[in-house]
Amino acid sequence: MGLHLLEGAPTSTSAAAGPLAPKPAPLPAKAKRVIHIFMNGGPSQVDTFDPKPALAKFAGKALPIHLRTERKTGAAFPSPFAFKPSGQCGTEISEIWPNVAKHADDLCVVRSMYTEIPNHEPSLMMMNCGTLIQTRPAFGSWITYGLGTENQNLPGFVVLCPGGLPVRGAQNWRSAFLPGAYQGTHIDTRFTEVDRLIENVRSPYATSEVQRKQLDLLNELNRGHQRGREDSPELEARVQSFELAFRMQMEAESVFDIRKEPQHVRDAYGDTLHGRQMLIARRLLEKGVRFVQVWHGAGQPWDSHAEIKKNHSRLAQECDGPIAALLTDLKERGMLQDTLVLWGGEFGRTPTVELTDFGSNFGENGRDHNSYGFSIWMAGGGVKPGLVYGATDDFGFRAQEKPVHVHDLHATMLHLLGFDHEKFTYRYAGRDFRLTDVHGHVVKDLLA
Amino acid sequence: MFLSGVLSALLLPSVFAQAPGSESLAFFESKVRPVLAEHCYSCHSAKAKTPFAGLNVDSRGGLLRGGDRGPAVVPGKPDDSLLIQALRHRVVQMPPGRKLDEAQVAALEAWVRMGAPWPEEKAMEAGPVKADPVAGARHWAWQPLRVATGRSIDAFVAEGLARQGLKASPEADKRTLLRRLSYDLTGMPPTYEEIEAFVADKDPQAWEKAVDRLLASPHFGERWARYWLDLARYSDAGFNNVRFPYAFAYRDWLIAAFNQDMPYNLFVERQLAADHRKETEHLAALGLLSLGQNPPRATLIPDKVDDRIDVVSRTFLGLTVACARCHDHKYDPIPTRDYYSLYGVFVNSQEPELPAVVDSSATPLDGFYLPRLEQRMAAIRAYKQRRTEEIRAELRQPEMLKKYLRATFDTRTFTAPQADSLAKERTLNTYVLKRWRAFLVTEDGRQFVAEATRDLDAALEAWAQRAPKEPTEIPYEDFGMVLTEGDGNTVNNLRWAWDRIYADYAFRTGAKRAMAVTDAPQLEQAHVFVRGNMNDVGDPVPRRFVSLLSKAGGEFRQGSGRLELAQAIVDKSNPMTARVWANRVWQHLFGEGLVRTPSDFGIRGEAPSHPELLDELAQSLLADGWSTKKLVRRIVLSKTYRQTSGEQPAARLQDPENRLLWRMNRRRLDFDAVRDTLLAASGQLKREVGGPSFSLNAVPAEPRRTLYAYAERERAQMLLKSFDYADPEQHTPQRHLTTVPQQALFFLNSAFLGEQARHLSRRADLRGGRYDEAGIGRLYRYVLGRVPTAREVEVGLAFLKDRDANSAPPEGEAQRAAWYYGYGTLDADAGKVTRFVPFRFFNDDRWQAASLLPDREAGSASLTAGGGTPGDDSKRAVIRRWLAPLAGKVEVKGKLSQGFGPYEQRFHLSNGIRGWVVSSRQGVLGKWVIDPITKTEKFTPNETATVETNLEIEVQAGEFLDFVVDSRDDYESDEFNWAPQISLNGQAWDARKDFAGPRQRPLTPWQEYAQVLLLTNEAVFVD
């Protein structure tokens, strides 16, 4: 049943069915599109969605358990933030998320996530591509490969990241061995002009009237060339791709122009970098883009090795309002039910304080990476709302109750999108590859 | 079959009366098997040489049968199961020395309670499908080559066609043929003149002459090297975007190898083992191995080696050996042991600290770079030395001594992997503990164990006082084994800083060194990693070739064994190498190989369309002394190659994919050929062969051939991606061309197309400024190599006429820009800027002298909106120039600043900078110096040194103010900020806000028309 494409087999792409033409999911699906709000750098679970009062008892003292992470950590470090029960469901959420907390009844919080290595690079690869190091396609590439995209005038997999590239750069949204059409399109949302957002999307030379005339001439010349070559659909495909590009210029221009939104919507998101980028994300989803990944920023902003209180408050403050606005907006538009929202980082942080050490940490009062346990949440798209699933140990160090590996998360998300993660494969280099490699189990309890 | 299945189900114990549900099996696979595999298999599995206590826990049978103490599991009864008791440390203590997590034990307990469900054994052992040994042995690809017959290519093809009642197509016209041949052999179109000359040549040998001319072209090597670069996952930069300083030397070597028609067997051997042969001039060939994945962590070495195994086995052998990393290959007869045999070869092949010298002649830049590099390298060594000593001292602290002595005692009966796990558990260093365990076998060690067995605490006290020196005397070379995270980061950062300077040196002085590899000084024995897990070490395996293709024995004995590997690959008894290469050559000439899975000739690959022909080609390759050019020549001289790509409706119905070759395939140019074609049409293409890479992103475009474009793994360019360019991360046997609108956007809107349209329109100059048939004719000849038809002229003229009538008059020359960006010389004594060279390229929001930094002459000199980087010395200072448009009083405000990070501060990476404001009329108006901030404390945040650069002066119209920054003769870490604001007579200029790249002006109608021709299908498809 998998969507096989024989390595080396001719990949004919007729004009009608380009590589991104929409395809139905092989199985019944609850979610049609995905937005991954990526807190790159790794938010601390004990400061966000996993309250651990027991840490207070050990404040400044060694914990009974100690796990080895990238850098040396010391005594227990209780969260400087208060948690309160939110919504009908009473999920406890840190005070740094006042607006997201209002959506507690929509959230499906997983507190027992774990991954494999407490370093950014492999964990980013695991979260985005289901592998620690090797070259594998990104989640978004798999999805656009499997489902195509609804709007042929826009890329199917869009990556919003303000200020430049995150760690590992484009490897996070690579199509790898899948055709290049499934690669994520990175957009630096620090810019506001559309031609800086998408490469070559606007002509510096010609108005669209002039371009129309150029295309008419081009079509005329191409028709002459096609005579006697009618058996080559790829000639017509290229003709059509110019027409598509011509329309895409206008579509792209309009989708990134948030001034087209009513004032109250723009106010809800806020006129900040994160507000604007989240609003663009919603506009993309609404226009039929299959997979949107929204990064917090270039580098690894959530990597608070020092001053967790100051840094985590600031970071959450930047995106709390926009994320809440997105959830409200999706709901009001009736899109939340079939849009799968994923929030989280590539791993979590230690409940212990990181020690200052030249070369590894130049500051104080921070936390190290933690691959043993962390939290994510999902919303919409067929996940069970108002749920808290799994648990870490008493101190938030390691996933203990119902642990969920990143592969399990991927398997579950694929399930929601209408794929059996074991059968959704691509033949490459003699093997049928899967997003989940040879791992992963659908976590049924997370499904609505 | 059915009956035996029923019977075995009946004979199973009661809990298995029903097959275990998928839920419980899922639980087993996720929660139970991984725990057993990780913590128990190394001693208690069929893979362990002799299972400890006779117990195997890698099968249900093994657990039920149990070991010396009886059954380990009683299904449904955890309290009666020895396994659970042992994990709870009740009866025996397992795993030795430590306890599993409560959650893990609970999971195993729950599993036993469920009845210990286990998936059917057979399916388990080898994965879902077991390679079928019979079918495997018979597979076509590993049969010996058929005996050469001397039959022609056309005879084989005709035979295949005749069987289906089909016929080949007639020979294509000469125009089409030469265009096809030029692209296939050189990746570039023929010129109009070349086509005309060929058409006019009535010599019956005309085709041979054209073939030989193009085979002899230096551009043949460029085109075919590019194909090879796809296979070799070529990248100019590796981890963290740090450049491989001499990657381009590998590319140059490939070009030369193809141009010289290096025999393919030597071509293979040199890429694997030029160092073994001590062939200095061929060391760059080893780039195939050295330019791969290079993650800087010891735990990722298996992935790095995997990358080598994958590239080598698929490129040369068409075998997907990497599939056998975790289990035997599921389809092909490649056991996991073969994978680890090759692992042994590549894990023992390392990149030396410095690239190998190929050409030791001096360059003018040696005096500038070499002492600096030496000094930096000395600082890295000194840091490692000092830290090694500190770590030794830490290990001599009595508390540390006691910890390691205790661990030494506790692990006295352990295997090495067990000792490693205990070390990890106690956060001790596994390597240091290994050194300590060597103490056990000494006289003193035995004494210590004896004492410790009597009274552990007393023995620890006593031996901490007289501990042996040896375990803690960490040799300097083993610093990597004991460093802390901070040390690792520090060394990596210093090394990367060094690499950046070194790459600058390499890019400015050419291919004087090679990214070679050498054998490890001490060879490491490779073991199978059970299920690919490096912590689960299985049997040792010798270094040798894949068993499928090798004779018995055949262990490699010379160092890493790379030379022997190469020899085995090109050994004539191995049919794969010649077949795979012959097929690739065919693929590049026809668009598809005879085998359409060019890097997978295994059972899951596609069978050849013409097996006899493939063997005949492979035989001719061997008979011609592995000459690639002769093989190419043989193929392009065939009638099969010279057919038209025209339609035969009946044939298409029968063989829609043209597997039988009833015509030539119509092909679309790949990105390299497209871009080179556009440059050739516009007359801009530079034809020099070889050299360091340029950047595709710069404006204006550097008109070098596309294969020289800089490629890096971590910044895949969307442009290249959208054109299905080879991914520099992985072996790419074939580019699968898709058609997406992003490609059309590039043709319509990119700066590159605009530039080429302008150049082309200028080249086909409109004499007298009137659109006419002659002008259109010139454009057609440049772009399409032919004259236009009457109809084409007609529609062209109509377009031009319409556009001319409706286009706005060309925009008047805008107000002369106030800012200029360049570098040059400040003569401080004379108070003058004596040389100003404008920057030519704009790339990534930066003005610079080359499309890709460094420039040979100007080095890293460059300017951004808010600042810049100076070049080497005062002759290469960066200059932001402001032109006063009128006379008056000028007020200049600004801040010159430089940031210093912790490494800059602690390791004195920068010596600071100097800034001046110099007037063309009045000389030096101001001078400022920024001295470096240096600190050595542990806790060193980023710091910035800033000076104010405010001035008030009178200027005259046309006077320049130059904002000059120089590096004080050491440009490292000299990125600065300086964005002055200027006011004059109520007008204001702001360096940051006014900063812009080259302006793109609208095209004229004539240029619009030229662009359309560049966009036509005819220009990018080949019949």
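How many bridges join E17(B) to strand E18 of chain B, and do the two run parallel or antiparallel? Seven bridges join them, and the strands run antiparallel. Keep in mind that this is a predicted model.

## Strand E17 of chain B and its partners

Strand E17(B) covers residues 913-919, and its partner E18(B) covers residues 923-930. The link between E17(B) and E18(B) is a hairpin made through three residues. If you want a spot to start looking, go to Ser919(B), which stands opposite Gly923(B) in E18(B).

E17(B) also pairs with strand E21 of chain B, residues 960-966. That pairing is antiparallel too, over six bridges. Ser919(B) turns up again here, with Leu961(B) as its bridge partner in E21(B).

What about burial? E17(B) is mostly covered, with seven of its seven residues buried. Both faces are covered. On one side you find Ile913(B), Gly915(B), Val917(B) and Ser919(B), buried along with Arg914(B), Trp916(B) and Val918(B) on the other. Note that Arg914(B) is on the buried list.

Helix H35(B), residues 751-763, and helix H40(B), residues 1005-1015, have axes that come within 8 Å and cross at roughly 110°. H35(B) and H40(B) are therefore roughly perpendicular to each other, and their crossing is right-handed. On the H35(B) side the contact uses Leu753(B), Gln756(B), Ala757(B), Arg758(B), Leu760(B) and Ser761(B). Facing them in H40(B) are Trp1006(B), Gln1007(B), Ala1010(B), Gln1011(B) and Leu1014(B). By class, that contact comes to six nonpolar, four polar and one charged.

The other pair is helix H19(B), residues 398-410, with helix H23(B), residues 456-465. Their axes are 9 Å apart and the angle is about 130°, which makes H19(B) oblique to H23(B). This crossing is right-handed as well. From H19(B) come Pro398(B), Leu401(B), Lys402(B), Leu405(B), Arg406(B) and Phe409(B), which meet Leu456(B), Leu460(B), Trp463(B) and Ala464(B) in H23(B). The contact of H19(B) with H23(B) has eight nonpolar residues, no polar ones and two charged ones.

## Where chain B touches chain A

Now for the contact between the chains: 81 residues of chain B are in contact with 69 residues of chain A. Several helices of chain B each supply at least two residues to the side that touches chain A, among them H2 (22-39), H16 (301-317), H25 (485-509) and H37 (790-806).

The side of chain B that touches chain A divides into 27 nonpolar, 26 polar and 28 charged residues.

E2(A) is joined to E10(A), residues 348-354, by two bridges, and the two strands run antiparallel. To see that pairing on screen, find Thr73(A), whose bridge partner in E10(A) is Glu354(A).

Two cis peptide bonds in chain B go on the list. One joins Val699(B) and Pro700(B), with omega about -5°, and Pro700(B) is in the loop between helices H32 (671-682) and H33 of chain B. Another joins Leu853(B) and Pro854(B), with omega about 0°. Pro854(B) is in the loop between strands E11 (847-848) and E12 (862-863) of chain B.

Then there are positive phi values in residues other than glycine. Ala176(A) has phi near 50° and is in the loop between strands E6 (157-160) and E7 (185-187) of chain A. Asp969(B) has phi near 70° and is in the loop between E21 and strand E22 (976-977) of chain B.

Are these two residues buried or exposed? Ala176(A) has 23 other C-beta atoms within 10 Å, so it counts as buried. Asp969(B) has 12 other C-beta atoms within 10 Å, so it counts as exposed.

Notes
Residues are numbered from 1 along each chain as its sequence is written. Chains are lettered from A and ligands numbered from 1 in the order in which they are written. This is a predicted model: local features need pLDDT of at least 70, side-chain atom pairs count only at pLDDT 80 or more; totals for chains, interfaces and linings use all residues. Axes are lines fitted to C-alpha atoms, for helices over the stretch in contact, and angles run from 0 to 180 degrees between N-to-C directions. Helices (H or I, at least four residues) and strands (E, at least two) are DSSP runs, numbered from the N terminus. Angles under 35 degrees count as roughly parallel, over 145 as roughly antiparallel, 65 to 115 as roughly perpendicular and the rest as oblique. A crossing is left-handed if the near helix is turned anticlockwise from the far one by less than a right angle, and right-handed if clockwise. Two residues are in contact if their C-beta atoms, placed from the backbone, lie within 7 Å. Ala, Val, Leu, Ile, Met, Phe, Trp, Tyr, Cys and Pro count as nonpolar, Asp, Glu, Lys and Arg as charged, and the others, Gly among them, as polar. A residue is buried if 20 or more other C-beta atoms lie within 10 Å of its own, exposed if 12 or fewer, and partly exposed in between; C-beta atoms are placed from the backbone. Two strands pair if DSSP finds at least two bridges between them.
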